[in-house]
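Have the sequence and the 3D view open as you read.

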Amino acid sequence: MEHQQQKLKKERYSEMFEKKTRVNKIIQFGEGGFLRGFVDWIVQLTNENSDFDASVVVVQPIEKGMCDMLEAQNCVYTHIMRGMKDGAPTVDTKVIDVID
């Protein structure tokens with residue numbers, strides 16, 4: 001039953017966002033916030049600004065990791081970066097779809 005619910009969530013999310021198919025070029029050990037928020041964000045930017053065209057294969061190193069949650073949303077998430085730009089507060093958002 002839980003598997004069916006996850007499949008339905010993934011299908012609904014897939015309808016909202018068309019994920020590009022890329023070549024698996026990177027193996028990443030871990031799926032925590034830093035890796036997703038920095039490393040995978042850099043891979044996303046590299047893909048968008050070059051012909052690198054890579055996806056990231058994630059290895060979950062601990063039993064209670066986040067791979068099931070990521071899979072439930074087709075491994076797509078939104079990166080939110082808050083900071084200052086030219087002396088003014090700024091918020092940038094970017095959809096990250098590089099995890100396969």
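What follows starts with the salt bridges, then turns to the cysteines and ends with backbone angles.

First, a word on the ground rules. This is a predicted model, in which local features need pLDDT of at least 70 and side-chain atom pairs count only at pLDDT 80 or more, while totals for chains, interfaces and linings use all residues. Residues are numbered from 1 along each chain as its sequence is written, and side-chain values use heavy atoms, with hydrogens and water left out.

Let's begin with charge. Side chains of opposite charge can pair when their charged atoms come close. Here a salt bridge is a side-chain nitrogen of Lys or Arg within 4 Å of a carboxyl oxygen of Asp or Glu, and by this rule the model has four salt bridges. One of them pairs Lys20 with Asp53, at 3.5 Å from N to O. Lys20 sits in the loop between α1 (2-16) and β1 (23-29), and Asp53 in the loop between α2 (33-49) and β2 (54-59), so this contact ties together parts that are 33 residues apart in sequence. Helices (H or I, at least four residues) and strands (E, at least two) are DSSP runs, numbered from the N terminus.

How exposed are these two partners? Buried means under 20% relative accessible area, exposed over 50%, and partly exposed in between (1.4 Å probe, protein chains only). Lys20 is partly exposed at 48%, and Asp53 is also partly exposed, at 26%.

Asp53 has another partner: its side chain meets that of Arg22 in a salt bridge of 3.8 Å, N to O. Arg22 lies in the loop between α1 and β1 and Asp53 in the loop between α2 and β2, so the pair links parts that are 31 residues apart in sequence. Arg22 is buried, with a relative accessible area of 14%.

Arg22 also forms a salt bridge with Asp97, where the closest N and O atoms are 2.9 Å apart. Because Asp97 lies in the segment after β4 (88-96) and Arg22 in the loop between α1 and β1, this pair ties together parts that are 75 residues apart in sequence. Asp97 is buried, at 5% relative accessible area. Through shared partners, salt bridges join Lys20, Arg22, Asp53 and Asp97 into one network.

Now to the cysteines. A disulfide is a covalent bond between the sulfur atoms of two cysteines. With the cut-off for a disulfide set at a pair of cysteine sulfur atoms within 2.5 Å, the count is zero. Cys75 is buried, with a relative accessible area of 6%.

Finally, look at the backbone. Most residues other than glycine have a negative phi. Asn74, however, has a positive phi near 60°. Asn74 is placed in the loop between α3 (67-72) and β3 (77-85), and is buried at 15% relative accessible area. Cys75 is found in the loop between α3 and β3 and has a positive phi of about 60°, although it is not a glycine.
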